Amino acid sequence: MGNHIGFVSTRFSGTDGVTMEASKWAAVLAASGHRCFWFAGMSDRNPADSLVVPEAHFKHPDNLWISERLFSHAGRTAAVTDAVHRMKSVLKQKLDQFVRQFDIQLLVVQNALTIPLHVPLGIALTEYIAENRIPTIAHHHDFYWERTRFIVNAAGDYLRMSFPPNLPHIEHVVINSAAQEELALRTGISSIVIPNVIDFENPPRRDDVRTRAFRDTLGIAPDDKIILQPTRVVQRKGIEHALELVQDLKDSRYKLVISHEAGDEGFEYLEWLREEAREKGVDLKMVNLRVSDPYYGNDHREGYSLWDIYPHADFITYPSLYEGFGNAFLEAIYFYKPLLINRYAIFVRDIEPKGFDLAVMDGYLTRKNVQTVREILENPDRRKAMVEHNYRIAGRYYSFKVLRRCLKTLMMNIFGVDS
């Protein structure tokens, strides 16, 4: 008999990396007989299996007020401390309601004990886990020490306490080996590495009617070529390199399409990209549609899924300056698409040694990079050999089979051999 598993984060909605990895974990756990429930400030999960608490969202006004005073400042006032503890108390009560309402036997905390976007939620979780000794898996995607925005802060005591907490009832999971080493060095906490995954055992199914409708919505002509940047619009994604690539290809048929929304880190970068595109003569198209998570449910009538976007792409750009892992890298391979990737640190350390065949840039776009991309685009045999090789390699290291094995080990650690 399966367990009742409660996923907790600030948001389970849309196509951000944390939401999508949580959906994959839930799919694998559900296939093993467990039931999954959801606690968040925003959620697009089944309402019958969810507790949505607006105060848990990182953009809740009270939390934004707190965050503005905890970070980029070296000291805090008593009023800020009081606000943190008031919000923490509300969230602890809601967490207890969630656990009791759905008879939760295991918490899976997705990044809420990792990056301090919502300090009161992290403290509430820490105290609740410590007081109730509830088994917990803390899935860490982005640590605060990996982000310059958190370097100057007035929250050192909170960060040491809860981001992440060192408690006996928590199993810690990180997504790359560098994070594993740094976590141990800074906190003494041991962890296991579970990379991001995709269901390579089941190749993607294409809905031609939906994909044609999506192409028409964007105003893409039949002979146009889509260069897809499948990321959110944030500065660390290095999207200016994708603009430069399309400009240097010197072919008006190539259109740069960005699949995800802006807003999590402001809109200044988006406006700058639009101005750059105008100056470079690049036809930049933003997907201003509700793009849904392809892993949660099969009904995408309310909006397009990422799986409706990828089939259109002739080439993928992924020139990120930093990634904790890199979901879009795996998605491109899953859809048999060639891609240009920047050699960000985690790629160099954990992914590149696996032997993928890629167009690779090293911090800046060279004439050779552009020529390599042009050759891939114009040579169908080269492209076919590349994508098929990459699919085989990814299936070996980043499939659901890998995730199933890792989660089974974690469940045995927590519940014993009959879990």
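Which residue's side chain meets that of Asp142 in a salt bridge? Arg147 does, at 2.9 Å, N to O. By salt bridge I mean a side-chain nitrogen of Lys or Arg within 4 Å of a carboxyl oxygen of Asp or Glu. Arg147 counts as buried because its relative accessible area is 11%, and Asp142 is buried as well, at 14%. Buried is under 20% relative accessible area, exposed is over 50%, and partly exposed is in between, with a 1.4 Å probe and protein chains only.

Before going on, the basis. This is a predicted model, in which local features need pLDDT of at least 70 and side-chain atom pairs count only at pLDDT 80 or more, while totals for chains, interfaces and linings use all residues. Residues are numbered from 1 along each chain as its sequence is written, and side-chain values use heavy atoms, with hydrogens and water left out.

Now the sheets. Strands (E, at least two residues) and helices (H or I, at least four) are DSSP runs numbered from the N terminus, and two strands pair if DSSP finds at least two bridges between them. As a reminder, strands of a sheet pair through backbone hydrogen bonds, either parallel or antiparallel.

The bridge partner of His139 is Val173, in E8.

Asn111, in the loop between E6 and H4, has phi near 70°, a positive value in a residue other than glycine. Asn111 is buried, with a relative accessible area of 8%. Asp103 also has a positive phi, near 50°, and is found in the loop between helix H3 (78–101) and E6. Then there is a cis peptide bond, from Phe163 to Pro164, with omega near -5°. Pro164 lies in the loop between helix H5 (156–162) and E8.

The other sheet I want to show is open and has six strands, ordered E12-E11-E10-E15-E16-E17, again with parallel pairing. Its edge strands, E12 (284–286) and E17 (359–361), each pair on one side only. Direction ignored, neighbouring strands here are turned by 25° against each other on average. E15 (residues 315–318) and E16 (residues 339–342) are joined in the parallel sense by three bridges, and Tyr318 stands opposite Ile341 in E16.

On to the interior. A nonpolar core here is a set of buried Ala, Val, Leu, Ile, Met, Phe, Trp, Tyr and Cys residues joined through side-chain atoms within 4.5 Å. The largest one has 63 residues, and the members touching the most others are Phe7, Trp25, Phe200, Phe329 and Phe356. Helix H15 (residues 400–415) gives the most to this core, seven residues. Another core lies apart from it, with 47 residues, among them Leu95, Phe102, Leu121 and Leu125.

What does Phe200 contact, leaving aside its neighbours within four places in sequence? The residues are Leu330, Ile333, Tyr334, Tyr391, Ala394, Gly395, Tyr398 and Ser399, where contact means heavy atoms within 4.5 Å.

Last, back to charged pairs. A search of the whole structure finds 26 salt bridges. Glu21 and Lys24 form one of them, at 2.5 Å, N to O. The two lie three residues apart, about one turn, in helix H1 (residues 17–31), and both are buried. Arg343 and Glu352 form another, at 2.9 Å, N to O. Here Arg343 is partly exposed at 29% relative accessible area, and Glu352 is partly exposed at 28%.

Key. Axes are lines fitted to C-alpha atoms, for helices over the stretch in contact, and angles run from 0 to 180 degrees between N-to-C directions.
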